[in-house]
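Me: I would like to learn how to read a protein model, one feature at a time. Could you take me through this one?

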Amino acid sequence: MTQVVRWRSWGPLEALDAAGIPVEAAGLARTLDPAVLHYARRRADRLGTGLDETLLAMGHASSDALAQAAARELGIAFEPLDPTVFSAAPKLTASDISAALRSGILRTADGRLVIAARGLRLRRLAAQLAERPELRARTQLTTPERLSGFLRLRYIRQLGGYAAYGLRDRQPHLSAGTLTVSRYLFGLFAVALAALFLTATATSFIGAWALPGLVALILVGAATLKLAACTIPPQPPPRPARDDRSLPYYSLIVPLYREARVVPQLVDALEAIDYPREKLQILLVIEHDDEATATALKLHARRPGFEVIIAPGIGPRTKPKALNVALPFARGTVIGIYDAEDMPDPLQLRRVCTTLGRQGNERLGCVQAHLVIDNLADGWIPRQFAAEYAAYFDVVLPMLGLCRLPLPLGGTSNHFRRDALDEVSGWDPFNVTEDADLGVRLARAGWSTQVITCTTDEEAPRRLGAWMRQRTRWYKGWMQTLLVHARRPLHMVRSAGWPGTLTLLFLLGSGTAAALLHPVLFASLVLGLFLAPVPHPSAMSTLLDAVWFGVLLAGLMGTVLSTFLGMRRRRIAGAAQVALLMPVYWLMMSAAAWRALITLAIAPSHWEKTEHGLARTSRRRQGLRPTVRLRSNGATRPRRPLAAASG
């Protein structure tokens with residue numbers, strides 16, 4: 001039986017004291033500078049928020065001080081919800097905890113109501129108590145931060161178990177955690193396919209007869225998508241929303257693991273976002289044993305609005321599990337996801353709000369921003385990475401979004417309607433490319449995704465080992481996503497439609513198939529140089545040769561044209577260098593794909609960490625960025641160039 005009570009809906013009644021100060025700040029009004037109070041009231045009226053929210057965001061009052069003063073004004077007690085002394089904790093399930101966080105109301109074991117209210121919600125509580133004064137005896141006030149902190153500590157096992165196993169238990173057919181035999185069959189199929197192709201080409205370069213027609217269809221389909229995307233002109237960026245009153249409450253979730261060195265840069269980037277602080281919540285999720293990152297956050301993320309959440313050591317240690325842990329604590333109606341090294345456009349959130357608010361976008365569940373590599377001058381690997389990203393985010397994905405086709409999301413700068421995330425049960429903790437999987441599940445649930453012209457700068461690995469680990473994780477996740485959504489093909493077609501199903505197959509299937517076949521094709525070409533040609537090939541062999549030559553040519557054209565067009569749109573120089581190194585880069589991707597095939601069988605949910613904060617250059621900052629290491633916690637802070645410092 002649930003222990004959560006919901007108040008009936010009230011309008012934002014003006015509960016004012018004799019001086020005309022709203023009830024949420026009346027208790028502290030006389031302690032504030034009149035000029036500060038006047039400015040805060042005007043700002044709160046403009047934003048449509050409570051006066052206490054503005055005072056808190058400006059740093060003129062603490063959360064506890066505001067709540068204690070409001071409790072005195074309402075004639076009720078303040079409950080600190082200290083987990084060490086609070087003895088009336090009720091028995092709650094994970095769904096009860098989520099409901100308590102959403103409503104801000106917790107019924108204790110002894111029948112009291114502990115309410116975390118602020119702003120307009122506090123005014124509605126004042127109206128309710130005025131109408132029913134008998135409720136004061138069993139009603140207590142606390143802060144949203146204290147309520148969430150208490151629930152995190154008291155119900156850590158329930159929250160951790162739900163975050164790790166919720167999707168697998170409720171919808172096992174949509175979770176990579178239930179992949180068993182298919183993982184091994186997929187690997188055997190890939191090995192057999194490569195062996196058949198290589199054996200056939202040992203006597204003739206024809207050999208295409210041994211490959212399933214599905215592989216050719218996938219490669220041609222992917223090439224067709226890329227070539228079609230090259231014909232779509234770039235879309236202008238949406239205008240940033242300027243009416244602050246109409247802006248929704250927004251929550252940003254940033255998962256962190258061993259990221260102490262980039263915490264200062266991350267906090268600076270989040271501070272630079274142009275969005276009312278009263279309506280912005282930032283959740284920083286860390287692992288329970290990551291002391292260095294926790295220390296860095298204590299030093300740098302001390303502004304109101306930043307909340308640190310510790311993911312319990314339950315289930316797989318993956319980014320999607322960390323996101324699931326934070327999701328119940330997100331108070332916004334829009335949820336944005338960033339990575340530790342991200343530097344988003346300061347207007348990105350406002351542009352997302354404009355896109356979500358357009359007429360006809362009621363079922364737009366996700367908005368994806370463009371991802372751009374910032375450190376492309378760090379070497380040839382980051383430059384190839386930057387060219388690859390330019391093709392994907394500046395050419396291919398915008399076309400899919402315009403056509404309302406499902407698209408594998410990027411791992412960051414995704415902005416979701418909270419309702420859409422709740423409907424699809426959040427992320428799959430067992431899928432190591434949770435972004436691609438979530439994009440497909442959103443499409444299957446009837447939610448669309450749109451790509452907007454707004455950038456987030458990212459850091460690419462500059463060393464082969466780091467690149468290989470990251471790319472292995474990507475390929476393994478794509479294989480997981482394909483296996484999950486292909487095990488019930490008819491259900492997939494009915495939910496996503498034929499266009500959506502084929503798009504998934506073309507994008508994820510072609511990338512995986514092409515990477516696995518690269519070394520086989522290379523070996524066949526080498527063998528062809530040393531083996532004597534067939535003197536009198538049959539007509540069928542000649543036809544198959546021509547078909548496979550056309551497949552390879554289409555794939556090459558689609559990849560090269562989309563890459564060069566993306567580089568031109570992103571203004572990345574060095575197209576000739578990128579083209580010359582493409583074969584080497586493709587062989588590297590092939591090595592990562594075969595490595596992913598092995599790890600899919602032996603460690604399907606293992607998350608290979610990508611280290612950040614190692615970039616030596618920045619395209620945004622135009623030059624080197626020396627760093628100063630803090631001995632206390634391993635964090636690093638970018639040192640400003642001398643020219644910027646003197647300016």
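Me: Which residue is the bridge partner of Phe-78 in strand 4?

Reply: The bridge partner of Phe-78 in strand 4 is Leu-141. Strands here are DSSP runs of E with at least two residues, helices are runs of H or I with at least four residues, and both are numbered from the N terminus. Two strands pair if DSSP finds at least two bridges between them. Strand 1 and strand 4 (residues 139-142) run parallel and are joined by 2 bridges.

Me: Before we go on, what should I know about the model itself?

Reply: This is a predicted model, in which local features need pLDDT of at least 70 and side-chain atom pairs count only at pLDDT 80 or more, while totals for chains, interfaces and linings use all residues. Residues are numbered from 1 along each chain as its sequence is written, and side-chain values use heavy atoms, leaving out hydrogens and water.

Me: How many helices and strands does the protein chain have?

Reply: The protein chain has 22 helices and 16 strands. Of its 647 residues, 56% count as buried; buried means under 20% relative accessible area, exposed means over 50%, and partly exposed is in between (1.4 Å probe, protein chains only).

Me: In what order do the 4 strands of the open sheet come?

Reply: The order is 1-4-3-2, and the pairing is mixed. Strand 1 and strand 2 (105-107) are the edge strands, each pairing on one side only.

Me: Where do the side chains of a strand point?

Reply: In a regular strand the side chains alternate between the two faces of the sheet. Take strand 11 (residues 414-417): Asn-414 and Phe-416 point one way, His-415 and Arg-417 point the other way, and all are buried. Strand 11 pairs in the antiparallel sense with strand 8 (residues 334-337) over 4 bridges, and Ile-337 has Asn-414 as its bridge partner. Strand 10 (residues 364-373) also pairs with strand 11 in the antiparallel sense, over 3 bridges, and here Val-367 is partnered by His-415.

Me: How do I describe two aromatic rings that sit together?

Reply: A pair of aromatic rings is described by the distance of the centres and the angle of the planes. Rings of Phe, Tyr and Trp (its six-membered ring) pair if their centres lie within 6.5 Å; planes under 30 degrees apart count as stacked, over 60 as edge-to-face and the rest as tilted. The structure holds 12 aromatic pairs. In one of them, the ring centres of Phe-86 and Phe-150 are 5.2 Å apart and the planes lie at 75°, so the pair is edge-to-face. Phe-86 is in the loop between strand 1 (77-78) and helix 5 (94-103), and Phe-150 is in helix 7 (residues 144-154), so the pair ties together parts that are 64 residues apart in sequence.

Me: Is Phe-150 buried or exposed?

Reply: Phe-150 is buried, at a relative accessible area of 1%. Phe-86 is buried as well, at 11%.

Reply: Another edge-to-face pair is Tyr-475 with Trp-478, 5.2 Å centre to centre and 85° between the planes. Both lie in helix 18 (residues 464-486), 3 residues apart, about one turn of the helix. These two belong to one aromatic cluster that also includes Phe-385 and Trp-474.

Me: What sits over the ring of Phe-329?

Reply: The charged end of Arg-152 sits there, 5.3 Å from the ring centre. A charge sits over a ring if NZ of Lys or CZ of Arg is within 6 Å of the ring centre and within 35 degrees of the ring normal.

Me: How can I check the length of a helix?

Reply: The expected span of a helix is 1.5 Å times one less than its number of residues. Helix 4 (residues 63-74) has 12 residues and should span 16 Å; its end C-alpha atoms are 16 Å apart, which agrees.

Me: What do the buried residues of helix 4 pack against?

Reply: Their partners include helix 1 (23-26), helix 3 (51-58) and helix 6 (120-131). Among the buried residues of helix 4 are Leu-66, Ala-70 and Leu-74. Gly-75 follows helix 4, and its phi is positive, near 75°.

Me: Where is the kink in helix 21?

Reply: A kink of about 50° lies at Met-582, shortly before the proline Pro-583. The bend at a residue is the angle between axes fitted to the seven residues ending there and the seven starting there.

Methods. Contact means heavy atoms within 4.5 Å.
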